[in-house]
Amino acid sequence: MCRNVTLLRGLEPPATDDEVEAAARQYVRKVSGITHPSRVTAEAFEHAVAAITVLTRKLLEELPERQKPATVLPPLRRPEVQARIAAREAARAASATG
């Protein structure tokens, strides 16, 4: 379906809650075709993200360890993505106080 869904299994250290939720959100966006939920779709969208986050965490906990480590660095662990997130949060904080 979507080759860009983030790999979470076998990471060292294990996938964080933020990474699991981001992957769930990515999945819900792809399946629903909704990138930015409206007031009408927000509740169903967020409910789906929460449910898939829980199921993803449960799946990762129940699967055996990988035989080979993950070969791809997940997006939330990439330095350029971390820098973009930090810049976005700094801009939000500046606009909230300004």
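Me: Where is Arg77 placed?
Reply: Arg77 is in the loop between H2 and helix H3 (79–97). Helices here are DSSP runs of H or I with at least four residues, strands are runs of E with at least two, and both are numbered from the N terminus.

Me: What kind of model is this, and how are the residues numbered?
Reply: It is a predicted model, in which local features need pLDDT of at least 70 and side-chain atom pairs count only at pLDDT 80 or more, while totals for chains, interfaces and linings use all residues. Residues are numbered from 1 along each chain as its sequence is written, and side-chain values use heavy atoms, with hydrogens and water left out.

Me: What share of the residues is buried?
Reply: Of the 98 residues in the chain, 18% are buried. Buried means under 20% relative accessible area, exposed means over 50%, and partly exposed lies in between (1.4 Å probe, protein chains only).

Me: On to H1 and H2. At what angle do they pack?
Reply: The angle is about 125 degrees, and the axes of H1 and H2 are 8 Å apart. Axes are lines fitted to C-alpha atoms, for helices over the stretch in contact, and angles run from 0 to 180 degrees between N-to-C directions.

Me: What does that make their orientation?
Reply: H1 and H2 are oblique to each other. Under 35 degrees would be roughly parallel, over 145 roughly antiparallel and 65 to 115 roughly perpendicular, with the rest oblique.

Me: Left-handed or right-handed crossing?
Reply: H1 and H2 cross in a right-handed way. Right-handed means that the near helix is turned clockwise from the far one by less than a right angle, left-handed that it is turned anticlockwise.

Me: Which residues meet there?
Reply: From H1 there are Asp17, Val20, Glu21, Ala24, Arg25, Tyr27, Val28, Arg29 and Ser32; from H2 there are Phe45, Glu46, Ala48, Val49, Ile52, Thr53, Thr56, Arg57 and Leu60. The contact residues divide into 9 nonpolar, 3 polar and 6 charged. Nonpolar covers Ala, Val, Leu, Ile, Met, Phe, Trp, Tyr, Cys and Pro; charged covers Asp, Glu, Lys and Arg; the others, Gly among them, are polar.

Me: How many salt bridges?
Reply: The count is 4, where a salt bridge is a side-chain nitrogen of Lys or Arg within 4 Å of a carboxyl oxygen of Asp or Glu.

Me: What does Arg57 pair with?
Reply: Arg57 forms a salt bridge with Asp17, at 3.2 Å from N to O. The pair links distant parts of the chain, with Arg57 in helix H2 (residues 42–62) and Asp17 in helix H1 (residues 17–32), 40 residues apart. Arg57 is partly exposed at 22% relative accessibility, while Asp17 is exposed at 57%.

Me: And Glu21?
Reply: Its side chain meets that of Arg25 in a salt bridge of 3.0 Å, N to O. Glu21 and Arg25 are separated by about one helical turn, because they are 4 residues apart in helix H1. Glu21 is partly exposed at 33%.

Me: Is Arg25 buried or exposed?
Reply: Arg25 is buried, at 17% relative accessibility.

Me: What else does Arg25 touch?
Reply: Not counting residues up to four places away in sequence, Arg25 touches Phe45, Glu46 and Val49.

Terms used: Contact = heavy atoms within 4.5 Å.
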